[in-house]
Amino acid sequence: GGLHYSDAKAVSNEGENLSVSGAGGIHLGAQMKVPFDKNLYFIPQMQYAYKNFTVEYNNTDTASIQMKLHYLEIPLLLEYTLVKENKGFFFQFGPSISVAIAGNETITGKTGSTQDKPIKFAFNAYGRMEANLVANAGYQFNPYMQLTLGYAHGLGSIVDGDLGPQITPRMFTASLHYWPAKRKK
């Protein structure tokens, strides 16, 4: 589990870059470590992530939209490790698929009025699926604990259809991992 900072790259229908204010969030999940070779592992994960950011609009009646999104994420990473005697650095890279569970948006108008509503997931609204590339670097302190710092970059817009802006999320993460002790036979 850990903390992250999420924001996005946003472009209007007219091709204008929109300003985005990022915010903090949390993630929590489970993972496995499957050995391939001496220093190479497959690390499948499943985690919950809460992402939160605000897109500022320039030429519409809308001043901003704050998006609060809940995702189930499935990163499928390869790990190259330099760990010796249960201490050392490791590096991870791979794809991640995210499925939106729920979301809420707060729309602020140019006059300052606000409206809260659930995010609509549909073909011509927000998409439920998100694909990312993930890169992590970490340090293992002992057989049970490791710290990972990472970056996830969205591969496409979370807005479906041609009428809305293109919003591509990205996330900087800090995670603490606990590996349970191996049981003796």
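These are my notebook entries on one predicted model.

**Entry 1: the whole chain**

I began with the secondary structure, and the chain has zero helices and ten strands. Read from the N terminus, the order of elements is β-β-β-β-β-β-β-β-β-β. I then looked up the extent of the C-alpha trace, which spans about 65 × 25 × 25 Å along its principal axes. The chain has 185 residues, and 42% of them are buried.

**Entry 2: a nonpolar patch**

Which residues make the nonpolar surface patch? I listed Met46, Leu72, Ile74, Leu76, Ile97, Val99, Ile101 and Met129, with an area of about 650 Å² for the patch. I picked out Ile101, which lies in strand β6. Its relative accessible area is 51%, and exposed means over 50%, so Ile101 counts as exposed.

**Entry 3: aromatic rings**

I counted ring pairs and got four aromatic pairs. One of them joins Tyr139 and Phe141, whose ring centres are 5.1 Å apart. How are the planes of these two rings set? They stand at 65 degrees, and a pair over 60 degrees is called edge-to-face, so that is the name for this one. I checked how open the two residues are: Tyr139 is partly exposed at 27% relative accessible area, and Phe141 is also partly exposed, at 38%. Ring pairs link Phe89 with Tyr139 and Phe141 into a cluster.

**Entry 4: a lysine over two rings**

I then followed Lys33. It lies over the face of Tyr41, at 4.6 Å from the ring centre. The charged end of Lys33 also sits over the ring of Trp179, and there the distance to the centre is 5.9 Å.

**Entry 5: a residue in β4**

I turned to Asn52, in strand β4, which covers residues 40-56. Is Asn52 buried or exposed? Its relative accessible area is 10%, and the limit for buried is under 20%, so I wrote down buried. I listed what Asn52 touches, leaving out residues up to four places away in sequence: Ser6, Gly22, Ala23, Gly24, Gln66, Met67 and Lys68. I also looked up the separation of Asn52 from Lys87. They are 35 residues apart in sequence, and their C-alpha atoms are 34 Å apart in space.

**Entry 6: the loop between β5 and β6**

My last stop was backbone angles. Glu85 lies in the loop between β5 and β6. Its phi is positive, about 55 degrees, although Glu85 is not a glycine. Asn86 has its place in the loop between β5 and β6 too, and its phi is near 65 degrees, again a positive value in a residue other than glycine. How accessible is Glu85? With a relative accessible area of 80%, Glu85 is exposed. Asn86 has 38% relative accessibility and counts as partly exposed, because that class runs between the 20% limit for buried and the 50% limit for exposed.

Technical notes. Residues numbered from 1 in each chain as written. Predicted model: local features only at pLDDT ≥ 70, side-chain atom pairs only at ≥ 80, totals over all residues. Heavy atoms only, no water. Patch = residues over 30% accessible without salt bridge, like charges linked within 9 Å, V, L, I, M, F, W, Y side chains within 5 Å. Areas by Shrake-Rupley, 256 points an atom, 1.4 Å probe, with all protein chains shown as cover. Salt bridge = Lys/Arg side-chain N within 4 Å of Asp/Glu carboxyl O. Helix = DSSP H or I, 4+ residues; strand = E, 2+ residues; numbered from the N terminus. Buried < 20%, exposed > 50% of the residue type's maximum accessible area, 1.4 Å probe, protein only. Phe/Tyr/Trp six-rings, centres within 6.5 Å; stacked < 30°, edge-to-face > 60°. Lys NZ or Arg CZ within 6 Å of the ring centre and 35° of its normal. Contact = heavy atoms within 4.5 Å.
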